[in-house]
Amino acid sequence: MQEFFSLVVALLPGLWTSILMAAASVAVGIPLGFFAGLALNNQRRWLRIIVIVLVETFRGFPALLTLYLVYFGLTNFVTLDRFASIMVAFGLTTAAYTAEIFRASIASVPKGQIEAAEALALSKTDITLRIIVPHVLNIAVPPLIGIVIITFQGTALAYAIGGKELLGSAYSIGMTNLRVLEPLLVAGLLYLLVTSLLGWMEVLADRRAERITGSTAHRRPRKKRDGSRRRPEGVAPNTRVVNIAAANP
């Protein structure tokens, strides 16, 4: 038992680094995803095409490839340290996945509310801040927490460029002591602890959104008997439902 607690203490700095990496990536990715979602609902076709190309590109790239491109590929233009490279690479991947969430959430804003705001001569900025953002937050927070969980797990890829996050720390301790299994198992327990906490927060956010909206628009779609997914209430017919479980930044 003493050895177990010693490993936990030894891995805490790596756990803290993983949390910082995930927080920085989400801080970059979620605002970019929101603006991408706004652009995908914009009436300007050229803008939608540009954003679609960027979103599909970074959704199609494996997160490790994006990390290599940022860390090794940009050295001729700008030199980024490991942490900054991880923040940029995972931030872009997170933005690509959250763009679909924000696009679907923005598309579900009732047109009557937008038309009423325009009739009151509110500016586009006021409409965005007073109508779109509160509506989107009520719906998008639970799936965004799911993206945060995946981003936190994805920080383990930082080990590929020498990052001393949780996995890298566990492996280094194991190689030093010539016993890899124990530190890897303890690292797995720490990953499980953090993801379980975030999963619990996701459930709470889901219930809170249900109380605020009084609808089921934010709920995950349930499968029909034929295997297809039922479209959430309030989501436009041409809105593609995002399968968060399939996201793999």
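Accessible areas here come from the Shrake-Rupley method with a 1.4 Å probe, and for residues only the protein chains shown count as cover. By that method, the protein exposes about 14300 Å², and carbon and sulfur atoms supply 64% of it.

This is a predicted model, in which local features need pLDDT of at least 70 and side-chain atom pairs count only at pLDDT 80 or more, while totals for chains, interfaces and linings use all residues. Residues are numbered from 1 along each chain as its sequence is written, and side-chain values use heavy atoms, with hydrogens and water left out.

**The overall fold**

Let's start with the helices. The protein has 8 helices and 0 strands, where helices (H or I, at least four residues) and strands (E, at least two) are DSSP runs numbered from the N terminus. Of the 249 residues in the protein, 41% are buried; buried means under 20% relative accessible area, exposed means over 50%, and partly exposed lies in between (1.4 Å probe, protein chains only). A contact means heavy atoms within 4.5 Å. Among contacts between residues at least 6 apart in sequence, 71% join residues at least 24 apart.

**The nonpolar cores**

Now look inside. A nonpolar core is a set of buried Ala, Val, Leu, Ile, Met, Phe, Trp, Tyr and Cys residues joined through side-chain atoms within 4.5 Å. The largest one has 19 residues, and Leu 11, Leu 15, Phe 152 and Leu 166 have the most contacts inside it. At least two residues of this core come from each of helix H1 (2-40), helix H6 (124-154), helix H7 (166-177) and helix H8 (181-213). H8 gives the most, with 7 residues. Which residues does Leu 15 touch, leaving aside its neighbours within four places in sequence? They are Phe 152, Leu 166, Leu 190 and Val 194. A second, separate core has 14 residues, including Ile 106, Val 109, Val 136 and Ala 140.

Met 1, Phe 4, Phe 5, Leu 189 and Leu 192 make a nonpolar surface patch of about 550 Å². Patches are made of residues with over 30% relative accessible area and no salt bridge; like charges are joined within 9 Å, and nonpolar side chains (Val, Leu, Ile, Met, Phe, Trp, Tyr) within 5 Å. H1 and H8 each supply at least two residues of the nonpolar patch. Phe 5 sits in helix H1 and is partly exposed, at 49% relative accessible area.

**Salt bridges**

The structure holds 2 salt bridges, each a side-chain nitrogen of Lys or Arg within 4 Å of a carboxyl oxygen of Asp or Glu.

| Salt bridge | N to O distance |
|---|---|
| Glu 100 and Arg 103 | 3.5 Å |
| Glu 182 and Arg 179 | 2.8 Å |

Glu 100 and Arg 103 both lie in helix H4 (residues 82-107), 3 residues apart, about one turn of the helix. Both Glu 100 and Arg 103 are buried. By contrast, Glu 182 is partly exposed at 27%, and Arg 179 is partly exposed at 41%.

**Aromatic pairs**

A search of the whole structure finds 8 aromatic pairs. Rings of Phe, Tyr and Trp (its six-membered ring) pair if their centres lie within 6.5 Å; planes under 30 degrees apart count as stacked, over 60 as edge-to-face and the rest as tilted. Phe 34 and Phe 102 form an edge-to-face pair, 5.5 Å centre to centre with 90° between the planes. Phe 34 lies in helix H1 and Phe 102 in helix H4, so this pair ties together parts that are 68 residues apart in sequence. Phe 34 is buried at 14%, and Phe 102 is buried at 3%.
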